[in-house]
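Subject: Structure handover and notes

Hello,

I am passing on the structure we discussed, with notes on what turned up in it. Please look through it before reading the rest.

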Amino acid sequence: MQLYTRATSSCAFRVRIALNLKGLTCDFIPVLTKDQSDEAFRNINPQRLVPVLVNGNDKIGQSLAIMEYLEDKFGPPSLLPRDPAGRARVRAISQYIVSDIQPLQNTRIDAQLERWEVDAMDWKQHWINHGFAALEDMLGASAGPGKFCHGDFPTMADCCLVPQVWNAVNRYSVELSAYPNIEAVYKECLQVPAIDAAMPEKQSDYKQPKD
Ligand SMILES: N[C@@H](CCC(=O)N[C@@H](CS)C(=O)NCC(=O)O)C(=O)O
């Protein structure tokens with residue numbers, strides 16, 4: 001398998017965690033932001049986004065779709081709980097981060113904010129704090145016992161939470177102590193070797209926080 005990735009891409013970071021948690025080996029192909037608009041990369045992903053996973057004839061974009069593919073294609077450990085309500089909860093947390101929080105910080109948004117002369121840092125802090133307020137409540141409500149987003153094992157929701165929090169803290173100086181549930185799960189996740197190995201700083205193409 002190959003993963004088109006970038007060390008500081010939070011979306012690729014999700015998939016790196018999922019691969020590690022499932023114990024799957026994969027070659028990483030780093031993609032620079034400036035190369036994503038090239039014709040060559042458009043042939044790999046018409047959306048011009050990372051990540052993209054290639055497994056033989058299967059070529060899959062969108063981090064959630066990739067994680068669901070890994071879940072369907074390969075065996076345990078599973079990134080989803082067994083019960084329908086638990087699976088729905090994990091997917092809801094994941095989708096909230098992937099669809100409602102992260103897109104407002106994306107590179108293409110950045111470029112347009114610059115054209116409109118909007119303070120990008122202020123924008124990002126505002127929308128992350130807005131998203132984290134609800135995420136904090138989601139983690140606190142009906143979670144049942146457990147150290148992670150859902151229960152005592154990392155799930156797809158943790159694969160999404162860790163990169164979003166890493167970005168918030170390391171790039172946008174968001175004060176995590178305002179969100180004790182998020183902070184507790186994040187700290188727990190950092191203790192997991194499979195998650196630690198996926199951190200941006202541990203990647204061969206890590207240079208500086210860019211997107
Ligand atoms: N919903 C997509 C989002 C992918 C995405 O936004 N990737 C970012 C890096 S984290 C990217 O390639 N951004 C380039 C751009 O905004 O043009 C996913 O979950 O994979």
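This is a predicted model: local features need pLDDT of at least 70, side-chain atom pairs count only at pLDDT 80 or more; totals for chains, interfaces and linings use all residues.

Residues are numbered from 1 along each chain as its sequence is written, and side-chain values use heavy atoms, with hydrogens and water left out.

Helix packing

Helices here are DSSP runs of H or I with at least four residues, numbered from the N terminus; strands would be runs of E with at least two. Axes are lines fitted to C-alpha atoms, for helices over the stretch in contact, and angles run from 0 to 180 degrees between N-to-C directions. Angles under 35 degrees count as roughly parallel, over 145 as roughly antiparallel, 65 to 115 as roughly perpendicular, and the rest as oblique. Contact means heavy atoms within 4.5 Å. For residue classes, Ala, Val, Leu, Ile, Met, Phe, Trp, Tyr, Cys and Pro count as nonpolar, Asp, Glu, Lys and Arg as charged, and the others, Gly among them, as polar.

Helix α1 (residues 10-21) packs on α7 with the axes 8 Å apart and an angle of about 140 degrees, which makes α1 oblique to α7. From α1, the contact uses Ser10, Phe13, Arg14, Ile17, Ala18 and Leu21; from α7, it uses Cys159, Cys160, Val162, Pro163, Trp166 and Asn167. Nine of these residues are nonpolar, two polar and one charged.

α7 also packs against α6, at an angle of about 140 degrees and with 12 Å between the axes. α6 is therefore oblique to α7. This crossing of α6 and α7 is left-handed. Ile128, Phe132, Leu135 and Leu139 of α6 make the contact with Leu161, Gln164, Val165 and Ala168 of α7. By class, the contact of α6 with α7 has seven nonpolar residues, one polar and no charged.

The remaining pair in these notes is helix α5 (residues 107-115) and α6, whose axes lie 10 Å apart at an angle of about 130 degrees. That, too, makes α5 oblique to α6. Ile109, Asp110 and Leu113 of α5 meet Ala120, Trp123 and Lys124 of α6. Four residues in the contact of α5 with α6 are nonpolar, none polar and two charged.

Two buried positions

Buried means under 20% relative accessible area, exposed over 50%, and partly exposed in between (1.4 Å probe, protein chains only). Val90, in helix α4 (residues 84-101), has 0% relative accessibility and so counts as buried. Apart from neighbours within four places in sequence, Val90 contacts Leu79, Leu80, Pro81, His150, Thr155, Met156 and Ala157. Val90 and Met1 are 89 residues apart along the chain, with 26 Å between their C-alpha atoms.

Thr155 sits in the loop between α6 and α7 and is buried at 5% relative accessibility. With neighbours within four places in sequence again left aside, Thr155 is in contact with Leu79, Pro81, Val90 and His150.

Salt bridges

A salt bridge is a side-chain nitrogen of Lys or Arg within 4 Å of a carboxyl oxygen of Asp or Glu. The search of the whole structure finds eight salt bridges; the following are among them.

Lys147 pairs with Glu188, the closest N and O atoms being 4.0 Å apart. This pair links distant parts of the chain, with Lys147 in the loop between α6 (120-140) and α7 (156-170) and Glu188 in helix α8 (residues 180-190), 41 residues apart. Lys147 is partly exposed at 43% relative accessibility, and Glu188 is partly exposed at 25%.

Asp35 and Lys34 form a salt bridge at 3.2 Å, N to O. Asp35 is partly exposed at 26% relative accessibility, whereas Lys34 is exposed at 61%. Asp196 and Lys202 also form a salt bridge, at 2.6 Å, N to O. Asp196 is partly exposed, with a relative accessible area of 30%.

One further residue

Asn170 is in helix α7 and is partly exposed at 40% relative accessibility. Asn170 and Arg91 are 79 residues apart in sequence, and their C-alpha atoms are 25 Å apart in space.

Regards

Note on methods. A crossing is left-handed if the near helix is turned anticlockwise from the far one by less than a right angle, and right-handed if clockwise.
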